[in-house]
Amino acid sequence: MAARSGPRNTRLLVVALVVMSLTIITIDYREGDSGPLADMGRAARTLMAPLQEAVTNATRPVGNFFSGVAHLPSLAQENSDLKAQLGDAQARLNATSQIEAQNQELLDLLNLKRIYPTGVPAVVIANSPSNFFNTMTIDVGSDAGIKENQPVVTGSQDGARLVGIVASVTSNSATVRLLIDQGFNVAGKLASSGAIGLVQGNGEQDLTMQDVPATTKFPPSGTPESVFTVSYHIGDQRGRFPPNILIGTVSKVYEGVLPDAQVSISPAVDFSSLETVLVLPTVDGSGE
């Protein structure tokens, strides 16, 4: 029992000291600094100061917590408003960027039309619905003079870029086979060496260039190497593509492959964002 009474006696002593200190402080306040208990009042205030600080420190986090809780609704609303404003600003920025890209594409197409005045402008209205065929649909067909096997290009500040070839035609639309489609073939020429090879689509994003002489010299690694279409005339056969249309850039060279070198090519066209194209006549002026 004596052991249990220890904490209780301590609490009673603290309470007694607090009451006594309060009494002394009250009397001292009434009598002023010259009263007989002035020294005891100052001593009592000195004694009470640590207790007051402890109480304040103990209750302040709780006060801050309830203050924060009280402001939570307004903070949440402010956060929501800021997110909405940020979303609106981002949407306007994206819309502006898209409009600028569309304007640039139309300007490039207009410049391309000046180079190929007999070309027919077209808008991409659909992409291939199948994973097995890389095609797209354009909004011009036989009514506009479009025929199968006509080359399809898009514009850029550097000139024409190869998209593909017309595969089928209706009166008001045409299906374009993209150059990345499996089995698509086009004769290509390396810009630096002039070496000629056969560029083939393989259903993937990169193209393969074959039949390149193994002795071909390529630029140092990191130096861009462009590949362009090349027109040819062998007997009665002629290439279907006009020359000097950009196919893409060399992404990898497989060295030591004999008798011919093999090259991977990244297409110059981003097919996912393509919106306008130009349909060209074939080299002989027809679509056959």
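The model is predicted. The chain comprises 288 residues, of which 30% count as buried. Two helices and 14 strands make up its secondary structure. Among contacts with a separation of 6 or more, 54% join residues 24 or more positions apart.

**Salt bridge**

- The structure has one salt bridge by the rule applied here.
- Its partners are Asp181 and Arg177, whose closest N and O atoms lie 2.8 Å apart.
- Asp181 is buried, with a relative accessibility of 7%, whereas Arg177 is partly exposed at 26%.

**Aromatic pair**

- One aromatic pair is present in the structure.
- Phe184 and Phe241 form this pair; their ring centres are 6.1 Å apart and their planes meet at 55°, so the arrangement is classed as tilted.
- Phe184 belongs to the loop between strand S5 (174-178) and strand S6 (185-190), and Phe241 to the loop between strand S11 (237-238) and strand S12 (246-254), so the pair ties together parts that are 57 residues apart in sequence.
- Phe184 is buried, at 3% relative accessibility.
- Phe241 is also buried, its relative accessible area being 6%.

**Thr135 in strand S2**

- Thr135 is located in strand S2, which covers residues 135-138.
- With a relative accessible area of 19%, Thr135 counts as buried, because the limit for that class is under 20%.
- Apart from neighbours within four places in sequence, Thr135 contacts Asn127, Ser128, Thr175, Val176, Arg177 and Leu178.
- One of these contacts, Arg177, is the residue that forms the salt bridge with Asp181.

**The loop between strands S8 and S9**

- Thr223 is found in the loop between strand S8 (207-213) and strand S9 (226-229).
- Thr223 is partly exposed, having a relative accessible area of 42%.
- The C-alpha atoms of Thr223 and Val250 are 9.5 Å apart, although 27 residues separate the two along the chain.
- Glu225 also lies in the loop between S8 and S9.
- Glu225 is buried, with a relative accessible area of 4%.
- Between the C-alpha atoms of Glu225 and Leu190 the distance is 7.0 Å, while the two residues are 35 residues apart along the chain.
- Leaving out residues up to four places away in sequence, Glu225 touches Leu190, Ala191, Ser192, Ser193, Phe218, Pro219, Gly248, Thr249 and Val250.

**Second largest pocket**

- The second largest pocket holds about 190 Å³ of space.
- It is lined by 11 residues, and those closest to its centre are Pro219, Pro220, Ser221, Gly222 and Val253.
- The lining consists of six nonpolar, three polar and two charged residues.
- Pro219, one of the residues closest to the pocket centre, is also among the residues that Glu225 touches.

- Asp260 is placed in strand S13, which spans residues 260-267.
- At 29% relative accessibility, Asp260 is partly exposed.
- Not counting residues up to four places away in sequence, Asp260 touches Asp211, Val212, Pro213 and Ala214.

**Backbone angles**

- In general, most residues other than glycine have a negative phi.
- Asn149 has a positive phi, near 75°, and is not a glycine.
- Asn149 occupies the loop between S2 and strand S3 (151-156), and is partly exposed with a relative accessible area of 25%.
- Asp211 likewise has a positive phi, near 65°.
- Asp211 lies in strand S8 and is partly exposed at 45% relative accessibility.
- Asp211 is also one of the residues that Asp260 touches.

How values were computed: Residues are numbered from 1 along each chain as its sequence is written. This is a predicted model: local features need pLDDT of at least 70, side-chain atom pairs count only at pLDDT 80 or more; totals for chains, interfaces and linings use all residues. Side-chain values use heavy atoms; hydrogens and water are left out. A salt bridge is a side-chain nitrogen of Lys or Arg within 4 Å of a carboxyl oxygen of Asp or Glu. Buried means under 20% relative accessible area, exposed over 50%, partly exposed in between (1.4 Å probe, protein chains only). Rings of Phe, Tyr and Trp (its six-membered ring) pair if their centres lie within 6.5 Å; planes under 30 degrees apart count as stacked, over 60 as edge-to-face and the rest as tilted. Helices (H or I, at least four residues) and strands (E, at least two) are DSSP runs, numbered from the N terminus. Contact means heavy atoms within 4.5 Å. On a 1 Å grid over the protein atoms alone, a cavity is a set of points where a 1.4 Å probe fits but cannot get out, and a pocket is an open set with protein on both sides within 12 Å along at least five of seven lines; lining residues have an atom within 4 Å of a point. Grid points are joined across faces, edges and corners, and a volume is the space filled by probe spheres set on the points. Ala, Val, Leu, Ile, Met, Phe, Trp, Tyr, Cys and Pro count as nonpolar, Asp, Glu, Lys and Arg as charged, and the others, Gly among them, as polar.
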